[in-house]
Amino acid sequence: MKRLLFAVMLAGLVSCKQKGPVQVPVKAVVAGLEMIDYQEPSGAFEVQGPADWQVKEDDRFGPSVSLLGPGTSKFPRSVSIHVSRYPNIGDPSPDPKGYYEGIKLISGYRNVSEFETRAIGGRQVQCYSAEMPRRPLHDRKVAYYVREDVAIIPIPGGYYRIDHTAPVETYKETLPVFEAVVASFKPGANPAAKTP
């Protein structure tokens with residue numbers, strides 16, 4: 001896991017003679033967090049994300065990135081925003097509603113919203129939310145519930161799924177960040193890049 005320095009993505013553009021950290025312009029401040037640009041390495045998409053969150057890239061199933069927030073003292077490392085392309089090897093279905101229907105069948109999920117079209121971050125997207133249990137490793141007891149908010153952005157041949165996961169008690173604190181990520185999402189010239 002890497003520290004969220006979107007600047008790393010820009011490092012190749014900086015001369016080897018330059019010393020010191022690469023400065024990335026702040027694009028906005030959302031919920032008190034400085035937002036900067038991030039571009040997926042294959043060029044499949046770009047978004048804005050919090051400058052001090054961690055980034056985890058994983059292209060095994062196609063272009064994706066996880067932006068990992070620090071959470072709170074009660075719920076450390078419990079906040080994330082994930083961007084991933086579908087269909088992929090893990091989920092070959094081109095139908096986002098099919099993914100949603102599967103969520104409704106998972107035991108322990110609660111408060112699953114309707115699959116609907118509405119505005120998130122100023123753009124019309126298909127969306128839904130659900131609450132999921134979080135358990136300690138090797139434990140059946142539920143430690144707490146997280147809320148997952150999902151936005152679907154269609155592209156030729158598939159869609160991108162952007163989700164925000166945070167504890168039910170605190171999700172509203174970072175929901176504006178999720179909305180800003182959705183608003184800033186742009187598919188690249190080849191949005192299906194690296195799709196298996």
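In the predicted model described here, Thr-165 touches Ser-78, Val-79, Ser-80, Met-132, Arg-134, Val-146, Arg-147 and Glu-148, not counting residues up to four places away in sequence; contact means heavy atoms within 4.5 Å. The model being predicted, local features need pLDDT of at least 70 and side-chain atom pairs count only at pLDDT 80 or more, whereas totals for chains, interfaces and linings use all residues. Residues are numbered from 1 along each chain as its sequence is written, and side-chain values use heavy atoms, with hydrogens and water left out.

Thr-165 is found in strand S10; helices (H or I, at least four residues) and strands (E, at least two) are DSSP runs, numbered from the N terminus. Thr-165 counts as buried because its relative accessibility is 6%, where buried means under 20% relative accessible area, exposed over 50% and partly exposed in between (1.4 Å probe, protein chains only). Strand S10 as a whole is largely enclosed by the rest of the structure, since 10 of its 10 residues are buried.

S6 and S10 run antiparallel and are joined by 7 bridges. Within this pairing, Ser-80 has Thr-165 of S10 as its bridge partner, and His-82 stands opposite Asp-163. S9 and S10 also run antiparallel, with 10 bridges between them, and here Arg-147 stands opposite Ala-166 of S10. These two strands form a hairpin with 2 residues between them, and Gly-157 in the turn has a positive phi of about 80°.

Strand S6 is itself mostly covered, with 8 of its 11 residues buried. An antiparallel arrangement with 7 bridges links S5 to S6, in which Val-83 of S6 is the bridge partner of Val-65. The hairpin that joins S5 to S6 passes through 4 residues.

A separate description applies to an open sheet of 4 strands, which has the order S1-S2-S3-S11 and antiparallel pairing. Its edge strands, each pairing on one side only, are S1 (28–30) and S11 (186–187). S1 pairs with S2 (residues 33–39) in the antiparallel sense over 3 bridges, and Val-30 stands opposite Leu-33 in S2. Helix H3 (residues 171–184) lies across S1, S2, S3 (45–50) and S11, running at about 155° to S3; axes are lines fitted to C-alpha atoms, for helices over the stretch in contact, and angles run from 0 to 180 degrees between N-to-C directions.

The largest nonpolar core has 31 residues, and those with the most contacts inside it are Phe-45 and Ile-162. Such a core is a set of buried Ala, Val, Leu, Ile, Met, Phe, Trp, Tyr and Cys residues joined through side-chain atoms within 4.5 Å. Two or more residues of this core come from each of S2, S3, S5 (64–71), S6 (76–86), S8 (123–134), S9 (144–155), S10 (158–167) and H3. H3 gives the most, with 7 residues. Beyond four places in sequence, the residues touched by Ile-162 include Ile-81, Val-83, Val-150 and Ile-153, together with Phe-178, Val-181, Val-182 and Phe-185. A second, separate core of 9 residues includes Tyr-100, Ala-130, Ile-152 and Tyr-159.

About 270 Å³ of space lies in the largest pocket. On a 1 Å grid over the protein atoms alone, a pocket is an open set of points where a 1.4 Å probe fits, with protein on both sides within 12 Å along at least five of seven lines, and lining residues have an atom within 4 Å of a point. Grid points are joined across faces, edges and corners, and the volume is the space filled by probe spheres set on the points. The lining comprises Ser-66, Leu-68, Ser-80, His-82, Tyr-86, Tyr-99, Met-132, Arg-134, Glu-148, Arg-161, Asp-163 and Thr-165. S5, S6, S8 and S10 are the elements that give two or more residues to this lining.

Thr-117, by comparison, is placed in strand S7 (residues 116–120). With a relative accessible area of 53%, Thr-117 is exposed. Apart from neighbours within four places in sequence, Thr-117 is in contact with Gln-124, Val-125 and Gln-126. Thr-117 and Ala-151 lie 34 residues apart in sequence and 9.2 Å apart in space, C-alpha to C-alpha.

Conventions. Pairing = 2+ DSSP bridges.
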